[in-house]
Amino acid sequence: MELQRNTHHVYRLMYHFVWIPKYRHKVFVEPYREAMKAIIRKIGYDYDFDIQELEIPEDHIHMVIKGEPKVAPSHVMQVIKSISAREFFKLYPEINKRYFWGGKLWTQSYFVETIGNANEETIRKYVQNELIELDSKEKNAKQLGLF
């Protein structure tokens with residue numbers, strides 16, 4: 001990753017975020033997965049968050065984002081979680097009634113780590129291949145069922 005510059009700073013910040021829906025419901029199957037991706041990407045565009053990678057398995061979200069020193073990771077999560085929940089429930093009100101009767105899409109928690117320059121590519125590949133890994137594990141689990 002290249003160094004980034006603005007008028008007063010030279011920096012290199014990348015964050016890996018992971019967060020889950022309330023009750024860890026496996027809600028992000030198609031068409032909900034693509035809708036949520038579009039919502040998060042639009043939020044990134046609107047708020048000038050540089051989303052590098054985004055993948056959504058059925059029950060959690062992985063995102064790699066380039067950060068700026070003036071924007072805290074907690075602020076990024078607050079904006080993305082609040083707006084994405086509101087927009088998602090607008091598009092799919094039946095999901096709110098079926099899975100999220102309390103009216104909240106996300107748990108309060110999330111995972112964030114900084115990505116050093118040395119392992120950036122490793123994290124990017126992990127996020128890109130998350131669905132492939134989960135699918136292969138699921139297939140192997142079904143094949144190994146003895147009873």
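This is a predicted model: local features need pLDDT of at least 70, side-chain atom pairs count only at pLDDT 80 or more; totals for chains, interfaces and linings use all residues.
Residues are numbered from 1 along each chain as its sequence is written, and side-chain values use heavy atoms, with hydrogens and water left out. Local features need pLDDT of at least 70 and side-chain atom pairs count only at pLDDT 80 or more, whereas totals for chains, interfaces and linings use all residues.

Helices (H or I, at least four residues) and strands (E, at least two) are DSSP runs, numbered from the N terminus. Four strands form an open antiparallel sheet in the order E4-E5-E3-E6; two strands pair if DSSP finds at least two bridges between them. Strands E4 (50-55) and E6 (111-114) stand at the edges with a single partner strand each, so one side of each has no neighbour in the sheet. E3 and E5 run antiparallel and are joined by six bridges; Val 18 has His 62 in E5 as its bridge partner.

| Helix | Strands crossed | Angle |

The buried residues of H2 (buried: under 20% relative accessible area, 1.4 Å probe, protein chains only) include Val 76, Ile 80 and Phe 88. The buried residues of H2 pack against E3, H1, E5 and H3, where contact means heavy atoms within 4.5 Å.

Gln 4, in strand E1 (residues 4-5), is buried, with a relative accessible area of 19%.

Definitions and conventions. Buried means under 20% relative accessible area, exposed over 50%, partly exposed in between (1.4 Å probe, protein chains only).
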